[in-house]
Amino acid sequence: DGCGHTVLGPESGTLASINYPQTSPNSTVCEWEIRVKPGQRVQLKFGDFDIDDSDSCHSSYLRVHNGIGPTRTEIGKYCGFGFQMDGLITSKSNEVTVQFMSGTHTSGRGFLAAYSTTDKSDLITCLDNASHFSEPEFNKYCPAGCVIPYADVSGTIPHGYRDSSSLCMAGVHAGVVSNTLGGQINVVISKGIPYYEGSLANNVTSKVGPLSTSLFTFKTSGCYGTLGMESGVIPDSQITASSILEWSDQTGHVNIWKPENARLKRAGPPWAAFISDEHQWLQIDLNKEKRITGIITTGSTLAEYYYYVSAYRILYSDDARKWTAYREPGMDRDKIFQGNTELYQEVRNNFIPPIIARFFRINPLKWHQKIAMKVELLGCQFSIGRAPRITMPPPPQNKNDDKNDDFSDDFIHSVKTSLQTDKTTFTPEIKNTTVTPSVTKDVALTAVLVPVLVMVFTTLILILVCAWHWRNRKKKTEGTYDLPYWDRAGWWKGMKQFLPTKSAEHEETPVRYSSSEIGHLRPREVPTMLQTESAEYAQPLVGGMVGTLHQRSTFKPEEGKEASYADLDPYNSPIQEVYHAYAEPLPITGPEYATPIIMDMSSHPSTPLGVPSISTFKAAGNQAPPLVGTYNKLLSRTDSASSAQALYDTPKGQPGPGAADELVYQVPQSVAHSTGSKDE
């Protein structure tokens, strides 16, 4: 009378004391006899152990024995509150006896343990959850009997289960292991979600759960697709039933709840049987053998008709004549599947192992008011592996042909016999795959080439975009007032001298200087170029330097003595070999700015002599403006001490258009020759 939850499977199981996890009653006893296949041994693992040890294991204890019956031998005797047993208790044979004794006590939960054969080295108990393991992915073996009322599950497939859920109980809910047999689970840990849905599947009710830091899912074979009831792949003609409910409503309309109405998630009425008894059935023809791994059912889904099936059997056949009821391995009775508890909720049940059949039949056993349901089948295609090709070995070199023939016949007969034996005694290994090996290679090659091509084209596009941006940026680097690159060469400066001069009407146009041209000037030339700031004075003419200047321009130099004027006094220069041909004296009423003549003889030696270049400036004291141009000879005179007029002699030679190279200018007679420096 001390036995609690107990499931003893052929390879694994679960056992617990009475009332676990509550305090077990006094003076109770329970004994479990565990047997596995001969040649194997049993290992025992405790999930929880809490037995009163106040009398040193005298009246309350747990004892484990090797063997069963009078010949058994004790392995160990255990008691204690919160006793931790990290290791496994292993037997020496395929039989073990577990004895629980509960004496007089006031506390103690008792125990819960799991067992399996010793080849399941990763055995866990029904109380282990995902938070007990730190690996992101791991494999564990769940024992049979983990559908227990004191373990919780939150979540469902395919979204996942909350990390606080029992691993093995969630595995039963997901349909990856059987509660009767147990099995291996492959667990994957991932980030949690805010909300976990609840559902009913495989007699396990999953609860709604709140946010958690992590969740877990199961890796499966993938054979859980729908087989065509909802989608309509299965035609109406392949859905039949034992009877059909027909009735007329108050308006006289005839309602027929036909078998083809039994499609999951289809609007409208379901299939309903005319007679409600245990002999009714709904049959589905899959047209060929399929691998059926599960079924989903609902009730009528009509609020005014509260009909549903709460329990049913499953039968299957290859010819629709001989039917086989589904049973779990090792069981001697048909399995009864839990159905719906109300008319809307979808309830899933999985078949472990799966059903291989063409015809599928549902036999309702319990229902509410009337037999009515909608269904969907889960599974995948089923294909039998081809038999291996027989390769005949070459006959032995023997002169006796009759013996060779006998040998060949015996060999073929033995091969045929072995193939027939294999076909009847072994289930072929089924792999859920949709591609052949050759297609797999092509897919792998494509998976490599496509990313490479994408990267190459992306790189080319980036290079073109960068080149386009660089080109635009290079164009923008030329300033608004900068000269183009072809106007900065020296030859163009000379070519400017041969272009026709502009008329005097345009001499009021201001002259713009680029930063690059000023950079080409000598240090002594820069102050003169930059000294004009007033808008009423234009920049002076620089012959042969900037091609955009006019022939005449005025400027107002800054007052004061400039350092660049110190050693450039033209009046201290010796007699020059070249003189101005026609120097026009300034009138008395004229401006106070002298008008020097600037001639660039080196730039255009053969050009006819035209109007001389004239520039007006205001000199500071006796200082003359600096000379601009490498080969320009500037001769000027300003008599600030005496008269405002300056007299100039005529040239020694006759002026003419063709004698520009031979012109010689004299110094004005009224000015004494002074020592000057030669302009370099």
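This is a predicted model: local features need pLDDT of at least 70, side-chain atom pairs count only at pLDDT 80 or more; totals for chains, interfaces and linings use all residues.
**Notes on the cores and aromatic pairs**

1. Residues are numbered from 1 along each chain as its sequence is written, and side-chain values use heavy atoms, with hydrogens and water left out.

2. Now the chain as a whole. It holds six helices and 30 strands; these are DSSP runs numbered from the N terminus, with helices being H or I of at least four residues and strands E of at least two. Of its 680 residues, 39% count as buried. Contact means heavy atoms within 4.5 Å, and among contacts between residues at least 6 apart in sequence, 74% join residues at least 24 apart. The chain exposes about 38900 Å², of which carbon and sulfur atoms supply 55% (Shrake-Rupley method, 1.4 Å probe; for residues, only the protein chains shown count as cover).

3. Back to W257 and its ring partner. Rings of Phe, Tyr and Trp (its six-membered ring) pair if their centres lie within 6.5 Å; planes under 30 degrees apart count as stacked, over 60 as edge-to-face and the rest as tilted. By this rule there are 20 aromatic pairs. One of them joins W257 and Y307, a tilted pair at 6.0 Å centre to centre with 55° between the planes. The pair links distant parts of the chain, 50 residues apart: W257 is in strand β20 (residues 254–257), and Y307 is in the loop between β22 and β23. Y307 also counts as buried, at 12% relative accessibility.

4. Of its 27 residues, I314, F351, F360 and I362 touch the most other members. At least two residues of this core come from each of β18 (239–241), β22 (282–298), β23 (308–317), β26 (347–368) and β27 (372–381).

5. Leaving aside neighbours within four places in sequence, F351 is in contact with residues including I292, I314, Y326, F337 and F360.

6. What about strand β4 (residues 42–50)? Seven of its nine residues are buried, so the strand is largely enclosed by the rest of the structure. Strands pair if DSSP finds at least two bridges between them. Eight bridges join β4 to the antiparallel strand β9 (residues 110–117), where F49 stands opposite F111. Two bridges join β4 to β7 (residues 89–90), also antiparallel, and there L44 has I89 as its bridge partner. F49 and F111 belong to one aromatic cluster with W32, F46 and F100.

7. Finally, two charges over rings (NZ of Lys or CZ of Arg within 6 Å of the ring centre and within 35 degrees of the ring normal). K77 lies over the face of Y61, 4.3 Å from the ring centre. The charged end of R361 sits over the ring of W323, 4.0 Å from its centre.

How values were computed:
Buried means under 20% relative accessible area, exposed over 50%, partly exposed in between (1.4 Å probe, protein chains only). A nonpolar core is a set of buried Ala, Val, Leu, Ile, Met, Phe, Trp, Tyr and Cys residues joined through side-chain atoms within 4.5 Å.
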